[in-house]
Amino acid sequence: QVQLVESGGGLVQAGGSLRLSCAASGRTISSYVMGWFRQAPGKEREFLALISWSGGRTGYADSVKGRFTISRDNAKNTVYLQMNSLKPEDTAIYYCTAARLWRTNEADYWGQGTQVTISS
């Protein structure tokens, strides 16, 4: 079992930046593909980014490519999502995930989420 706890969400103005963190416990994340998803009110869950076990490969949704950066520190058992040039449409609950395989539509473990609100 992997427990994931997100932090770093909040309220920022459009054009600003936020850095989300995801602290894992229970197992080392070095065995998992780590990712970020989000869900806005009334919308379906949306894939954002994945990072491979060693961090050598990353993948992003078109909606965030060039603005968001996923990274990981296996020694700290932590994953990050740096979000720049934020837009009001980025407002959502952001979820950290862990998976045994590279998948953009599902994950094995989910955090409880952290709220990100972007004001115009």
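**Aromatic pairs and ring contacts**

Okay, let's start with Trp110, which is partly exposed at 26% relative accessible area; partly exposed means between the cut-offs for buried, under 20%, and exposed, over 50%, with a 1.4 Å probe and protein chains only. Bear in mind that this is a predicted model, where local features need pLDDT of at least 70, side-chain atom pairs count only at pLDDT 80 or more, and totals for chains, interfaces and linings use all residues. Residues are numbered from 1 along each chain as its sequence is written, and side-chain values use heavy atoms, leaving out hydrogens and water.

So, rings. There are 4 aromatic pairs in the structure, where a pair means ring centres of Phe, Tyr or Trp (its six-membered ring) within 6.5 Å, with planes under 30 degrees apart called stacked, over 60 edge-to-face and the rest tilted. One of them is Tyr32 with Tyr109, edge-to-face, 6.0 Å centre to centre and 85° between the planes. Tyr32 sits in the loop between β3 (18-25) and β4 (33-39) and Tyr109 in strand β10 (residues 109-110), so this pair ties together parts 77 residues apart in sequence; strands here are DSSP E runs of at least two residues, numbered from the N terminus. Tyr32 is buried at 3% relative accessibility, and Tyr109 is buried at 12%.

Back to Trp110: its edge-to-face partner is Tyr95, at 6.3 Å centre to centre and 75° between the planes. Tyr95 is buried, at 17% relative accessibility. Ring pairs also link Phe37, Phe47, Tyr95 and Trp110 into a cluster.

Arg45 has its charged end over the ring of Phe37, 5.9 Å from the centre; "over" means NZ of Lys or CZ of Arg within 6 Å of the ring centre and within 35 degrees of the ring normal. Arg57 does this with Trp102, at 3.8 Å.

Methods: Helix = DSSP H or I, 4+ residues; strand = E, 2+ residues; numbered from the N terminus.
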